[in-house]
Amino acid sequence: MIAAAEETHLPDTRSHSRMAWLRRWRPTVSTELLALLTSVFFTAACNYELWHSLVADVHAHARLLVAVFVFVTALQAFLLGLVLSRWTAKPLLTVLFATTALAAYYVGTYKVYLDPDMIRNVLETDPGEAGELIVPGLVPPLLGLAVLPIAVLWRLRLRRRPLLRAAWVRLAFLAGMLALAAAGALSAFQDLSALARNHREVRYLVTPANYLASLSRVLLATPPGPAKPLQAIGEDARGTPRASGARPRLLVFVLGETVRAQNWGLDGYLRQTTPQLAAMKDVINFPDVESCGTSTQVSVPCLFSPYGRHDYDAARIRSHQSLLHVLQRAGVQVLWRDNQSGCKRVCDGLEFESVANATDPALCSGKRCYDEILLSGLRARLKPDGRDRIVVLHQLGNHGPAYYQRHPPAFRRFTPTCDTEQLGNCSRQQIVNSYDNAVLYTDHVVASAIDLLRNEPGYDSALIYVSDHGESLGENGLFLHGVPQAIAPSQQTRVPMAMWFSPGFASQSGLDLACMRRAADEAASHDNLFPTILGLFQVRTALYDPKLDLLRRCERAQS
Ligand SMILES: [Zn+2]
């Protein structure tokens, strides 16, 4: 009895003394040393993807790796030296350790490049999207890269120095770090400048510099306060009067999400992921379509703008009105129905309806709704009143990484599936299966929308489906999307597109469907949508470029 008591007592004392030692452990360091140690920690511990990419993709040799390490570490320490003081160091570094751990996890897991577009995506993510990215796999990196260094940080005492001496020490430190960065850069100057020329994207892997620089660029470009009104475009836009007795036109534009051409049945994918559309012989498929960008944030504003990718200027696109404003001006009634994170200002001031938080128990789980919610009650909203209409249905589509949540259970046809957001826990095949099941469901949603239009006698109707960008499913170690356009793999930039026209719509808009079916194989891109849709409604404006109108190809071919 006594022995047992002693046995349990012993380890207790030991852990007690260990605790006491920890409580006493309060080393004193200078702020400069803290800046340097923090920088070494970031470069060494938070940049797995940078080092991996330099070795595997760039085939960097040892000297270049050392040069990058010294250059990055010294430069970071220099920047930290500019902002850290005895008063700011602990709160600033606490925030920095926490955000850097998150950044390191997402860069390392999905190989995302934290450029300004990606940061804009992050800032405009809705709570549902964010929730899907918070996964159990985050816990170990958060413990190792955030909790541990923060705990150590708060045990440190920062050395006090008389003001003048402190100023001299700091100046010497800053000069030293700059000199070290320069020495690092010069030690492998040719290789480093080749790296900067040929692999510019690598800089968006350097954590935390990537998100800090991108964040400040985004914040500088968006002044605080209410958003400025968009500048008008197409003020000359006029509609063409309909023939007397002709029915009003209705175009349903299904804006897809994250569906790539490679997995689209109609584009020749070995798996039939689009059985319902394939069975409709009057659907025209465009197998060779390039997206404007690799993220919703880039593609959606771009594909509704007259500038597009051929005349790309993100600031100009974001500050000007869209195709929808031009249509409205020409007398076409606009409605944007959204099952996602909004219209990215494309529908500013126009009729907007979010169905993302609907409560239909058959289609909504409390967090998210399946895309058929976009069709629910649609008919009632579109009572013919004599006006032409365009309705944009903004899908949740194949939004990852929770592909398995993007379709009702009946569409779980390809198995085994990946039933978690943590793609790292699944095999490639499981991920592809879940992704393909979600494509099957998009096929069903689009086909259902066409059926709805077929049975709508009040309109001559048409439908266009196009995805905003593609997705990487593990090819070259990449997942999700958002790689800068210039280096993006085709999985992220090739997207499906399909169109359907009722006979009434085709004859009213002067379309030769048989000819269009032949012309559909030609290369197309998001840039074609702006003029094509203007052409469908016969809107006259100087912004209309007939050369880019996909449906005028037939006329060109015949003339
Ligand atoms: Zn998207």
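Which residue of S12 does Ile 284 stand opposite? In this predicted model, Ile 284 stands opposite Met 499 in S12, and that pairing belongs to an antiparallel arrangement in which four bridges join strand S4 to strand S12.

**Strands S4 and S12**

- Strand S4 spans residues 283–286, while its partner S12 spans residues 497–501, and the two run antiparallel with four bridges between them.
- Strand S4 is covered on both faces, with Val 283 and Asn 285 buried on one side and Ile 284 and Phe 286 buried on the other.

**The disulfide of Cys 343 and Cys 347**

- Cys 343 is joined to Cys 347 by a disulfide with an S to S distance of 2.2 Å, and both of these cysteines are buried.
- The link of Cys 343 and Cys 347 is left-handed, with -95 degrees about the S-S bond.

**The disulfide of Cys 364 and Cys 369**

- The sulfur atoms of Cys 364 and Cys 369 lie 2.1 Å apart and form a disulfide.
- Because the torsion about the S-S bond of Cys 364 and Cys 369 is about 105 degrees, this disulfide is right-handed.
- Cys 364 has a relative accessibility of 13% and therefore counts as buried, and Cys 369, with a relative accessibility of 3%, also counts as buried, given that the cut-off for burial is under 20% relative accessible area.

**The disulfide of Cys 418 and Cys 426**

- A further disulfide connects Cys 418 with Cys 426, with an S to S distance of 2.1 Å.
- The link of Cys 418 and Cys 426 is right-handed, with 80 degrees about the S-S bond.
- Cys 418 counts as buried because its relative accessibility is 3%, and Cys 426 is likewise buried, with a relative accessible area of 15%.

**Cys 46**

- Cys 46 has a relative accessible area of 3% and is therefore buried.

Methods: Residues numbered from 1 in each chain as written. Predicted model: local features only at pLDDT ≥ 70, side-chain atom pairs only at ≥ 80, totals over all residues. Heavy atoms only, no water. Disulfide = S-S within 2.5 Å. Buried < 20%, exposed > 50% of the residue type's maximum accessible area, 1.4 Å probe, protein only. Pairing = 2+ DSSP bridges.
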